[in-house]
Amino acid sequence: MLEQCEGSHAVAQAVALSRPEVICAYPISPQTHIVEGLGQLVKSGDLTNCEFINVESEFAALSVAIGASAAGARSYTATASQGLLFMAEAVYNASGLGLPIVMTVANRAIGAPINIWNDHTDSMSMRDAGWLQIFAETNQEALDLHIQAFKIAEELSLPVMVCMDGFILTHAYERIDMPDQAQVDKFLPPYEPRQVLDPNEPVTIGAMVGPEAFTEVRYLAHAKQMQALDLIPQIAAEFKQLFGRDSGGLIKTYQTEDADTIVIAMGSVLGTIKDTVDDLRAQGVKVGVLGITSYRPFPISAIRDATAKAKRIVVIEKCFAVGIGGIVSRDVRSAVRNRPQPVLTVVAGLGGRAITKASVHKLLQDAIADKLELLTFLDLDWGIVNRVLEREKTQRRSGPIAEGVLRDMGTVASKVAG
Amino acid sequence: MEQSLVKFYQTGTFTVGNRLLAADQRSVQSGAARSNSLNSGHRACQGCGEALGARYAIDAAMAATNGQLIAANATGCLEVFSTPYPETSWQMPWIHSLFGNTAAVATGIAAAMKAKGRSDVRVVAQGGDGGTTDIGFGCLSGMFERNDDVLYICYDNEAYMNTGVQRSSATPPAARTATTMTVGAHPGNEFGQGKNVPQIAMAHEIPYVATATVADLRDLEYKVTKAMSIHGARYIHIFVPCPLGWGAASHDTIKLSRLAVESGVFPVFEAERGEVTGVLKIRHRVPIEDYLKPQKRFAHLFGKSPDVATIARLQARADRNIRRFGLLGE
């Protein structure tokens, strides 16, 4: 059924339709509306056979989900940013124990400086934690991916992180095609755990493993993620058959067939890039877009095949590894290794800075003219950067960086004056 | 009626003869039907108080729940010595997740059981003092505050033994640990620090809080059994000597537990909804030296010129417990 709703509401509904049995809630922007929505559904009695638990931290949120999942309950939580870092130890634990928890990450920057707006630094910090990470482009896809996520997670007995851009998606009102319960029930059977805490068939979960078998246990985690490379497209196909929508899968391409330049990105920015591609195509420029939906497992073959004919690849990523550069682009480089095409890193949209069509347009023109450097920070204000660097050179006590930057920009001064 | 006339403690002994009791009054541990949930063959040290405490407590909890029990275990000695891959000593469903999240994991299990309508399956969480009073304290307090249906048992051996005897917030003043060395002007652990988690648990006004020691099996079993008869958040803090960490003889584990009670160092009580409802009275009060001397962690207080001032401060702490909980008299 079509409805106009907030992204968070769509996700809450999708989770509820997936019949979770335990939901752990801890507030952090921009994820909060999702768990609020679920709390409402449980308390009102619309979502039954489900425990909604208000916990004291994100560490507890995921830990409660770990206990619930190990006891055979379909378990869900949501977080973002600092919250994901605060639960980091449990993030690794959930995947290490092989517990199919589904967690929404409403992508948000990580401080300091504290910043509540969107980028992908939070999810990226956990990219090697053993969870599957799938990124939504739109609110419809966020909704669809959550339903698929439970199925993928439970099939593999691995946790899945559904990543959606904070505010840009979570707080945006869009048209949504909301599936009905019968459809979802048909797609997603009740959870049949591979391991469960059951007094009638007692098992020990979480035993200590030494050097004699640790490598094997870790390899098995990798093997499962490799299985996911087949499973994810398969489940997306099943989903399409039942719901009639293309959602999920490993990657999605737009105008890449004959493209000399392929832009790779993840999440909601793909829409802006597609619009820019349309403009450039109208001018006869052969450019296309590749969206990565499954970041973990990383679809090396799919990306390698889809970019085979391109002369250059531009990766626009909302994160970066301080001290080296891109994160997604490094993975892309490993996918296209031994090929002459350059993979150019563009760090963009950090801490919620808007990625505009104008900026992407100029960026792509530079790329096509082979004027783009290996690492570019989109719309970086060099004036501010150089002022700080100069101050640090000349003043020992140059003060807090963020405060200095804001002072240079006049924001603080104008507030004080006002 | 005749059985009720039998005194548990006979003159001159501390033993309780099961043969003097009716079958239904005998301890869980003495019964052939005990669950042996923590089975033999684990790798605990000789004389380990924690292994003993866990065995007593979990067998009693299993008996009280007809074996419908799931355990969540914190990282620590108990976890390490009981589950070296590919072996396990646990004859019950058991999960170890992390050091600091055990109470939350137990909450999750309890929530799963509730969602599935399995009201017969109960949940116990257990950890050492480090996993309880320090790193797991946030999750513990959260579980208390929400009144989740979990019995949390802390086996308190007063330091981080698994990592090699470092100070925790349950380490007593003056005690030597690897991080409270016996050097400088104030050797051993500081006075005026540490936290009393049973009393903090009481401040949450949860249905049941109790302390116990491995010296008194019947009291311990009674408290665990009582805890399992109640729903909501419950906390039992069990005093478990660590021969290795305390520098004590492995055959003195029970004796030291008893001396901790008899000196007033460790008050044994129970409380409901924040009110103390019962205390275990001291039968033969002993001076604190009797408790301290057999332990090498307090050896710096004795020797040729005993540190009488520090011993007096420790005695004053014990005396305060005695006053506070009314541990003397009938």
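In this predicted model, Pro86(B) sits in the loop between helix H2 (77–82) and S2 of chain B.

Two loop residues carry a positive phi. For Phe167(A), which is not a glycine, phi is about 65 degrees. Phe167(A) belongs to the loop between S7 and strand S8 (173–177) of chain A. Its relative accessible area is 23%, so Phe167(A) is partly exposed. In chain B, Glu205(B) has a phi near 55 degrees, again positive in a residue other than glycine. The loop that holds Glu205(B) lies between helix H6 (197–203) and strand S5 (208–213) of chain B. Glu205(B) counts as exposed, at 52% relative accessibility; the cut-off for this class is over 50%.

Chain A contains an open sheet of seven strands. Their order is S3-S2-S4-S5-S7-S6-S13, and the pairing is mixed. Strand S3 (51–54) and strand S13 (294–296) form the edges, each pairing on one side only. Neighbouring strands in this sheet are turned against each other by 20 degrees on average, with direction ignored.

Within this sheet, strand S5 (residues 102–107) of chain A is largely enclosed by the rest of the structure, because six of its six residues are buried. The side chains of S5(A) divide between two directions. Val102(A), Thr104(A) and Ala106(A) point one way, while Met103(A), Val105(A) and Asn107(A) point the other way; all are buried.

The pairing around S5(A) can be followed strand by strand. Strands of a sheet pair through backbone hydrogen bonds, in either a parallel or an antiparallel sense. Strand S4 (residues 75–79) of chain A runs parallel to S5(A), and four bridges join the two. Here Ala78(A) stands opposite Thr104(A). Six bridges link S5(A) with strand S7 (residues 160–165) of chain A, also in the parallel sense. In that pair, Val105(A) has Cys163(A) of S7(A) as its bridge partner. Strand S2 (residues 22–25) of chain A is parallel to S4(A), with three bridges between them. Cys24(A) faces Thr77(A) of S4(A) in this pairing.

A helix lies across part of this sheet. H3(A) covers S2, S3 and S4 of chain A and runs at about 165 degrees to S4(A). H3(A), residues 58–70, also packs against helix H5 (residues 88–96) of chain A. The angle between the two is about 20 degrees, and their axes are 8 Å apart. H3(A) and H5(A) are therefore roughly parallel to each other, since angles under 35 degrees fall in that class. The crossing of H3(A) past H5(A) is left-handed. Phe59(A), Leu62(A), Ser63(A) and Ile66(A) make the contact from H3(A); Glu89(A), Ala90(A), Val91(A), Asn93(A) and Ala94(A) make it from H5(A). By class, this contact has six nonpolar, two polar and one charged residues.

Val15(A) is part of helix H1 (residues 7–17) of chain A. Val15(A) is buried, because its relative accessible area is 0%. Beyond its neighbours within four places in sequence, Val15(A) is in contact with Pro20(A), Leu38(A), Tyr76(A), His146(A) and Phe150(A). The C-alpha atoms of Val15(A) and Ala94(A) are separated by 19 Å, and these residues are 79 apart along the chain. Ala94(A) is one of the H5(A) residues in the contact with H3(A).

Strand S3 (residues 122–128) of chain B runs parallel to strand S4 (residues 151–156) of chain B, joined by five bridges. Gly128(B) has Tyr155(B) of S4(B) as its bridge partner.

Methods:
Residues numbered from 1 in each chain as written. Chains lettered and ligands numbered in written order. Predicted model: local features only at pLDDT ≥ 70, side-chain atom pairs only at ≥ 80, totals over all residues. Heavy atoms only, no water. Axes fitted to C-alpha atoms, helices over the stretch in contact; angles between N-to-C directions. Parallel < 35°, antiparallel > 145°, perpendicular 65-115°, else oblique. Left-handed = near helix turned anticlockwise from the far one by under 90°. Contact = heavy atoms within 4.5 Å. Nonpolar A, V, L, I, M, F, W, Y, C, P; charged D, E, K, R; others polar. Pairing = 2+ DSSP bridges. Buried < 20%, exposed > 50% of the residue type's maximum accessible area, 1.4 Å probe, protein only.
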